[in-house]
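Here is a colleague's note, written for a reader who is meeting this structure for the first time. Please keep the model open while reading, and look up each residue as it is mentioned.

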Amino acid sequence: MNKKVKISMLMLMGFLAITSCGKKETVTTESTEVNETTTGEGQQPEAASNVLVIEGNDQMQFNKAELRATAGKPITLTLKHVGQVPKEAMGHNLVILQEGTDEGAFTSKAIAAKDTDYIPASEKASIIAHTKLLGGGEEDTIEFTIDKKGTYNFLCTFPGHSAIMKGVLIVE
Ligand code: CU
């Protein structure tokens, strides 16, 4: 429990530090705590928590290209669409693919699957997990477990997005 709290605090501090560039008071007070938590967390691997959060925005970007998790334990992944554009124009989902999936072929099938929110029924075997298709301000949390260590590609299958909106989930 402590680790989780520390990690989320660390992430929070990171955001604060980024968002409050101009406000020197905030940065100074918070950075002391960041140092403390960093020291305490030093012994723990980065993947200690299987709670993952990733954001998509109106600029067609995920805020992370790499996610890490531990094999054999439930992973909770939340995708947040932090933009404002509705899903018809700037929809985002996050689809995690089995290793070895032909991404080009998968994406072609996906962008044609508008009726099922760009999740192609014929390619279910290639999908480990996926979120719903989200519009601005929406979020979705999914839970899944990956037993086999490896590097799994993830992408957004909304038409035209996967060239930029993609990354890897490293399972250790
Ligand atoms: Cu997208």
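1. Basis of the note. This is a predicted model, in which local features need pLDDT of at least 70 and side-chain atom pairs count only at pLDDT 80 or more, while totals for chains, interfaces and linings use all residues. Residues are numbered from 1 along each chain as its sequence is written, and side-chain values use heavy atoms, with hydrogens and water left out.

2. Overall make-up. The chain holds 4 helices and 8 strands, where helices (H or I, at least four residues) and strands (E, at least two) are DSSP runs numbered from the N terminus. Read from the N terminus, the order of these elements is α-α-β-β-β-α-β-α-β-β-β-β. Of the 172 residues in the chain, 38% are buried; buried means under 20% relative accessible area, exposed means over 50%, and partly exposed is in between, with a 1.4 Å probe and protein chains only. Among contacts (heavy atoms within 4.5 Å) between residues at least 6 apart in sequence, 70% join residues at least 24 apart.

3. The copper site. Which protein atoms are the donors of the copper ion? They are ND1 of His92, SG of Cys156, ND1 of His161 and SD of Met165, at 2.1 to 2.7 Å from the ion. Donors here are N, O and S atoms within 2.8 Å of the metal (3.2 Å for Na, K and Ca), and water is not among the atoms, so sites may look incomplete. Along the chain, the donors follow the spacing H-x63-C-x4-H-x3-M, and both His161 and Met165 are buried.

4. Geometry of the site. Why is the arrangement of the 4 donor atoms around the copper ion irregular? The arrangement is irregular because the angles that these atoms subtend run from 83 to 133°. Four donors count as tetrahedral if all angles lie between 85 and 135 degrees; four count as square planar and six as octahedral if opposite donors are over 155 degrees apart and all others between 65 and 115, and anything else is irregular.

5. Asn57 and His81. Asn57 is in the loop between β1 (51–56) and β2 (66–69), and its relative accessible area of 17% makes it buried. His81 belongs to strand β3 and is buried at 2% relative accessibility. A polar atom of the His81 side chain lies 3.0 Å from the backbone nitrogen of Gly83.

6. The nonpolar cores. A nonpolar core is a set of buried Ala, Val, Leu, Ile, Met, Phe, Trp, Tyr and Cys residues joined through side-chain atoms within 4.5 Å. The largest one has 25 residues, and Leu77 and Phe144 are among those that touch the most other members. Strand β3 (74–81) is one of the elements that give two or more residues to this core, and β3 gives the most, with 3 residues. A second, separate core has 7 residues, including Leu97 and Ala110.

7. Helix α4. In α4 (residues 103–111) the buried residues are Phe106, Thr107 and Ala110. They cover an arc of only 95° around the axis, taken from the directions from the helix axis to the C-beta atoms, and therefore lie on the same side of α4. These buried residues pack against β4 (95–97), β5 (127–130) and β7.

8. Loop residues to check. Asp117 and Tyr118 both lie in the loop between α4 and β5. Asp117 has a positive phi of about 55° although it is not a glycine, and Tyr118 has a positive phi near 65°. Asp117 is partly exposed at 31%, whereas Tyr118 is buried at 8% relative accessibility. Pro159, in the loop between β7 and β8, is in contact with Tyr118 and Ile111, leaving aside neighbours within four places in sequence.

Key. Polar contact = N/O pair within 3.5 Å; in protein donor to acceptor, adjacent residues only side chain to side chain.
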